[in-house]
Structure formats: structure tokens, C-alpha cells
Amino acid sequence: MAIPNIRIPTRQVFIDGEWREPVKKNRLPISNPATEETIGDIPAATVEDVDNPVKAARRALRRDDWGSTTGAQRAKYLRAIAAKVQERRPELATLETIDNGKPLNILTGLGHEAGSPLVLLTRLHLQEVAQ
């Protein structure tokens with residue numbers, strides 16, 4: 001299966017419920033390992049970027065709506081995330097193939113390697129849904 005020539009969308013860091021540029025606005029290039037072509041970039045977060053997400057995480061744990069949730073309630077959120085990963089499986093597998101050069105059939109679970117992260121997340125989600 002041929003991999004299309006894709007540009008990776010520009011991303012920011014997600015802190016306290018919003019997307020932001022890193023403090024120093026530095027970015028790291030993403031290269032297609034098969035062609036060595038630069039296909040995008042990602043934020044290069046630094047020490048200066050760590051303080052805000054740590055504070056946001058601490059605030060989230062202190063809030064009654066998250067800090068007091070049970071493990072079962074948090075699992076519900078994780079299953080919803082897994083469902084979204086499953087929904088976007090073809091797109092995510094293609095991006096991962098372009099990013100690291102791993103064959104697409106392995107990432108989609110059609111190959112012999114059953115241990116890929118996307119396959120494992122999908123299997124965990126399907127097991128949870130079946131219960």
C-alpha cells in the first residue's frame with residue numbers, strides 16, 4: 001500500500017484546556033524516514049514550558065469535578081479517548097507510518113506484529129466495550 005505524500009499539520013502544546021505556542025516558540029522538524037523530506041514540525045517545549053502544565057494539572061486535581069472522580073468514572077473518559085483513536089485509526093496509522101517508517105500493515109494490525117500501540121489501544125477499547 002502506497003503512503004500518500006502528506007504534510008503534518010502544525011501543532012502547538014496543549015496546556016490548561018487550550019492550544020499554545022511554546023514560550024521560546026522553537027520548533028523541531030519532522031522528517032519522513034523513507035525520503036528524508038521535512039514534512040512538518042512540532043513544538044520544542046523547554047523548561048520554561050513545564051511550569052504552566054504542572055500548575056494546570058494540580059488545579060485539575062483539586063477541582064471537585066475531576067479530583068473527586070472515581071477510577072470507574074476516569075475509565076469512562078479513557079474509553080472515550082480510545083473510541084476516538086479507533087475512529088481515526090486509518091489517519092493515525094498513516095501519520096505514524098510517515099513519521100517513523102514502520103509498515104502501514106503493522107500499524108493497522110494487518111501485519112504480523114500485534115504489539116503496535118495503535119493495535120493495542122484498539123484491542124483494549126474493543127475488550128472494554130464488550131464487557
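Author: Strands β3 (residues 27-31) and β4 (residues 38-43) run antiparallel and are joined by 5 bridges. One of the residues involved is Ile30, whose bridge partner in β4 is Gly40. The two strands make a hairpin, with 6 residues between β3 and β4. In that turn, Glu36 has a positive phi of about 65°. All of this is read from a predicted model.

Asn32 and Ile98 are separated by 66 residues in sequence, yet their C-alpha atoms are 5.5 Å apart. Ile98 belongs to helix α4 (residues 89-100). With a relative accessibility of 3%, Ile98 counts as buried, because the limit for that is under 20%. For the protein, 44% of the contacts with a separation of 6 or more are between residues 24 or more positions apart.

The protein holds 6 helices and 4 strands, and from the N terminus on the order is β-β-β-β-α-α-α-α-α-α. Of the 131 residues in the protein, 22% are buried.

Next comes helix α1, which covers residues 47-62. Its 16 residues should span 22 Å at 1.5 Å a residue, and the C-alpha atoms at its ends are 24 Å apart, which agrees. The buried residues of α1 are Asp49, Ala56 and Ala60. Viewed down the helix axis, the buried residues of α1 fall within an arc of 40°, so they line one face of the helix. The cover over these buried residues includes β1 (13-15) and α2. On the face of α1 turned away from the buried side are the exposed residues Val47, Arg58, Leu61 and Arg62.

The structure has 1 aromatic pair, formed by Phe14 and Trp19. A pair of aromatic rings is described by the distance of the centres and the angle of the planes. For Phe14 and Trp19 the centres are 4.8 Å apart and the planes lie at 55°, a tilted arrangement. Trp19 counts as exposed, because its relative accessibility is 52% and the limit is over 50%.

Thr69 sits in the loop between α2 (64-67) and α3 (71-87). At a relative accessibility of 16%, Thr69 counts as buried. The side chain of Thr69 makes a polar contact of 2.7 Å with the side chain of Arg74.

To return to the part you asked about: β3 and β4 are antiparallel strands with 5 bridges between them, and Asn32 lies 5.5 Å from Ile98, C-alpha to C-alpha.

Methods:
Residues are numbered from 1 along each chain as its sequence is written. This is a predicted model: local features need pLDDT of at least 70, side-chain atom pairs count only at pLDDT 80 or more; totals for chains, interfaces and linings use all residues. Side-chain values use heavy atoms; hydrogens and water are left out. Buried means under 20% relative accessible area, exposed over 50%, partly exposed in between (1.4 Å probe, protein chains only). A polar contact is a pair of N or O atoms within 3.5 Å; within protein, one must be able to donate a hydrogen and the other to accept it, and residues adjacent in sequence count only if both atoms are side-chain atoms. Rings of Phe, Tyr and Trp (its six-membered ring) pair if their centres lie within 6.5 Å; planes under 30 degrees apart count as stacked, over 60 as edge-to-face and the rest as tilted. Two strands pair if DSSP finds at least two bridges between them. The expected span of a helix is 1.5 Å times one less than its number of residues. The arc is that of the directions from the helix axis to the C-beta atoms. Contact means heavy atoms within 4.5 Å.
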